[in-house]
Amino acid sequence: MNPEYEKRLLKQMNGELSPLGSPIFSSPVVSPHKKIYGDRFIPSRSSPCWNLNFDLQPPSTPTSSKTKEANSESSRDSLTYACLLKNELLSAEIEDLKDLQTNDKKNSTPKDSKKLFKFHTPRRCTDGCDTSPYSLSPIGSKSQKLLRSPRKAIRKISKIPFKVLDAPELQDDFYLNLVDWSSQNVLSVGLGTSVYLWSACTSQSKVFKMPFQTHFPQVTRLCDLSTDNDTVTSVSWSERGNQVAVGTNKGYVQIWDVAVSKKVHTLMGHGARVGALAWNGDMLSSGSRDRLILQRDIRTPNTTPERKLIGHKQEVCGLKWSPDHQHLASGGNDNRLFVWNATSTTPVQTHMEHLAAVKAIAWSPHQHGLLASGGGTADRCIRFWNTLTNQPLHCVDTGSQVCNLAWSKHSNELVSTHGYSQNQILVWKYPTLVQIAKLTGHSFRVLYLAMSPDGEAIVTGAGDETLRFWNVFSKTRSNKESKSVLNLFTRIR
């Protein structure tokens, strides 16, 4: 063989050159440092994805309480279905959903969480099998009991008001309080220069026009300040419901006896309009644009000296006494929330976390010392305070101006009304702060709020000159004992 031809043939066989002078194979040159395997295939296990390759479920991540509350109905259905499958396929014998949680706690160990696979051998049906041969149901008795277990009824809140009142001249002013509901089931509303009373006991129709008492005898006009060239800026019923206090734009506070429609007292002392009133027995607290809070005994207003509470730097627009009558909460346009005791003239607590005016104030009737407050447009937050320890508890951003707050009398829930820019009514569950319902209908800021004496209905007023009545709270009292640290009665032995 020709030596040159043999040499060229050997080069082609080794893959160096093709007959045209190019490599025959396109495989790269093997690096001398790279480990070369033989004909045995060994897969790389550097980054295995067990979830995809072996169809394992990813570890469950803890969900927030808000998500659990919002999807409670669908999650319960899926959990019931899972228990039913366990009963029929794995003989789990789950009769109640609580049994599933108990079994999971017993069967879960630290070692189990590290195992990739866990096999379970289903128990065979022996003499103790719960399925009767004469049963017509395709499932066992345990599963039947599981499906028949009572479910907690979900309370539905109607999003349509059950009554509407036409209230012309209802002022669109954030700093006023012009609506209140008495313990005698009578609603008082300040419209322009007059105060009107509407009896909820004698009302049957759904729509009224408030000022026309000649056509609707259940609506009466209590007082008219037009003769004094004055207007109504606040109204508040006494605890017994026999007297109503009326704050005016000139700084006066009038006390009216509703039974005889007669003015009993005219209290002076403020230099500007009185936008907030709060009763504490026979003591009346009034907050004004002059930045003062005055406390007076209406039984002897001329002989008993008044008490001045000085602390706010701007107009006082929110006042509420605690259920035990020992502390007064006040909010002002200076973005401050003060807590006063019954004897001091200086605030015992000062909270400056709000970024706007604090008008919405509400004391919880269920947990001693729990106070809720809401801020204006620049703040939009509802904050909760432990006044026993002077510490903040929770805060939720509502997304709009908070105008009013009120706690339910029967359950640990509260309602808030809002202005810019949602103009809505929200019902919250405490302490999870889950929105139970959202009510819309007002076209202006929902500036006024009052609750019925039975604690079931609320009335809201807005600058659209309407009063709307809503059924938001249930009368059924919760049997579950509160576990809050604020409930001191749970710690008594």
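## An enclosed strand and its partner

Strand E7 (residues 232-237) is largely enclosed by the rest of the structure, because six of its six residues are buried. Buried means under 20% relative accessible area, exposed over 50%, and partly exposed in between (1.4 Å probe, protein chains only). Strands (E, at least two residues) and helices (H or I, at least four) are DSSP runs, numbered from the N terminus.

E7 runs antiparallel to strand E8 (residues 243-248), and five bridges join them; two strands pair if DSSP finds at least two bridges between them. Ser-236 stands opposite Ala-245 in E8. The two strands E7 and E8 form a hairpin with five residues between them, and Gly-241 in the turn has a positive phi of about 80°.

## Basis of the model

The model is predicted: local features need pLDDT of at least 70, side-chain atom pairs count only at pLDDT 80 or more, and totals for chains, interfaces and linings use all residues. Residues are numbered from 1 along each chain as its sequence is written, and side-chain values use heavy atoms, with hydrogens and water left out.

## Aromatic pairs

Eight aromatic pairs are found in a search of the whole structure. The rings of Phe-174 and Tyr-175 have centres 5.4 Å apart and planes at 85°, so this pair is edge-to-face. Rings of Phe, Tyr and Trp (its six-membered ring) pair if their centres lie within 6.5 Å; planes under 30 degrees apart count as stacked, over 60 as edge-to-face and the rest as tilted. Phe-174 is buried, with a relative accessible area of 5%. Lys-359 lies over the face of Phe-174, at 5.5 Å from the ring centre; the criterion is NZ of Lys or CZ of Arg within 6 Å of the ring centre and within 35 degrees of the ring normal.

Trp-407 and Tyr-430 form another edge-to-face pair, at 5.5 Å centre to centre with 80° between the planes. This pair links distant parts of the chain, 23 residues apart: Trp-407 is in strand E23 (residues 402-407), and Tyr-430 is in the loop between strand E25 (425-429) and strand E26 (434-439). Both Trp-407 and Tyr-430 are buried. One aromatic cluster is formed by Phe-162, Trp-181, Trp-198 and Phe-469.

## A partly exposed loop residue

Ser-261 is found in the loop between strand E9 (253-257) and strand E10 (262-267). Ser-261 counts as partly exposed, at 45% relative accessibility. Ser-261 and Thr-220 are 41 residues apart in sequence and 9.8 Å apart in space, C-alpha to C-alpha.
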